[in-house]
Amino acid sequence: MKNIIITGGAGFIGSHVVRLFVNKYPDYHIINVDKLTYAGNLANLKDIEDKPNYTFVKADICDFETIMGIFKKYNVDGVIHLAAESHVDRSIKDPFTFAQTNVMGTLSMLQAAKLTWENLPEKWEGKRFYHISTDEVYGALEMTNPEGIKPPFTTKASSGKHHLAYGSKFFTEDLKYMPHSPYSASKASSDHFVRAFHDTYGMPTIVTNCSNNYGPYQFPEKLIPLFINNIRHRKPLPVYGKGENVRDWLYVEDHARAIDLIFHKGTIAETYNIGGFNEWKNIDIIKVVINTVDRLLGRKEGEDMNLITYVTDRAGHDMRYAIDSSKLQRELGWEPSLQFEEGIEKTVKWYLENQAWMDNITSGEYEKYYESMYANR
Ligand code: NAD
Ligand code: TYD
């Protein structure tokens, strides 16, 4: 029996990782440690909450004593650490919370793992601390090819209709960290702590840096679920700046599959970049989302293009993110399984079929927050 803590398991990506592990590994005991902030939602895990190999513990990763207690109680062998504050716009308004959760919270998890494991007779043997990070730590890439060029990578996913790169440089694992937002600065700092625990104490750690995820259960402050919901209600779609910024998008279940593979087969102390080989300008993705929502709601395709509303740009808005995940492809044989057109179709369908999930979140406190965010734009 392996006892594995997954932190942030009630959030977007965490819930997919918990689901995958609980269903795929009946011999593992999965302990989901989550504070249930505004972003944590146990409704994301309804389908697995009664499984015998699953336990939910409501706890704050910054609360070191409680985390130590969880390590002791459950005889923990491994950690997959996803709990974090994750939204760039919130980090611009409130950087302290990001430093607290992302830096101090990660340190608290590391220290609890260290104090527990180093005193065992077998020490680090069979143990693993896997930290989930973001490509945003590398900073922004230039957009040298605004019209797009054929990218140097091929995968099943990148053989789709849209298959462009907007620059000749990509994020590789050996790039210097150059974070620009309080969010990415806090994630960069947490990555450094994880590596320091390997280099100083010999803790078996792994770090992965992933591109933008999309799919079911994403909190509707992020671009894709926010826009799907706004189109449904015919509310304006706030496009930052000119909508020219480029992101690399990965379907969340493909990320969860990569996490499973790397947790089991990845090399200790290594970093792996995870990406979709799938660059899109925001405005192009927004048009695909509008067309898909319109079609699935039985409206005329493109009828809601007039909802596009250009608003003041995000402060320090990174121009382009583009991951080179060929190391992961080469060494562990992972590649994304879905072409973006398929992924976005599945995603839009899911949000339209799960309106109660969305309505639960978007009423009440969140509505007030959202209105205040956009009051000055
Ligand atoms: P999310 O905001 O949807 O979920 C975060 C979860 O962490 C929530 O369940 C929340 O309750 C929990 N949490 C927050 N603070 C906590 C605390 N102090 N103690 C315990 N739990 C706490 O985030 P997500 O999008 O699922 O991202 C998960 C991880 O993946 C993050 O570390 C993020 O940096 C990283 N990541 C996300 C993306 C993306 O596109 N969403 C891409 C790359 C990496
Ligand atoms: P987001 O989903 O916040 O992810 P990240 O900032 O981590 O990449 O945003 C994705 C892109 O969409 C980013 O370039 C900002 C842009 N964006 C908008 O134009 N309007 C919005 O309302 C949001 C939330 C994002």
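A: Let us begin with the make-up of one shell: the residues around ligand 2 divide into 9 nonpolar, 5 polar and 5 charged, where Ala, Val, Leu, Ile, Met, Phe, Trp, Tyr, Cys and Pro count as nonpolar, Asp, Glu, Lys and Arg as charged, and the others, Gly among them, as polar. This is a predicted model, in which local features need pLDDT of at least 70 and side-chain atom pairs count only at pLDDT 80 or more, while totals for chains, interfaces and linings use all residues. Residues are numbered from 1 along each chain as its sequence is written, chains are lettered from A and ligands numbered from 1 in the order in which they are written, and side-chain values use heavy atoms, with hydrogens and water left out.

Q: How many residues surround ligand 2, and which are the closest?
A: A residue is near a molecule if one of its heavy atoms lies within 4 Å of it; here 19 residues surround ligand 2, the closest being Glu-136, Pro-238, Arg-247, Arg-314 and His-317.

Q: Which side-chain atom of His-317 lies 2.7 Å from an oxygen atom of ligand 2?
A: A polar contact is a pair of N or O atoms within 3.5 Å, and in His-317 a polar side-chain atom lies 2.7 Å from a ligand 2 oxygen, whereas for Arg-314 a side-chain N or O atom is 2.5 Å from an oxygen atom of ligand 2.

Note on methods:
A polar contact is a pair of N or O atoms within 3.5 Å; within protein, one must be able to donate a hydrogen and the other to accept it, and residues adjacent in sequence count only if both atoms are side-chain atoms.
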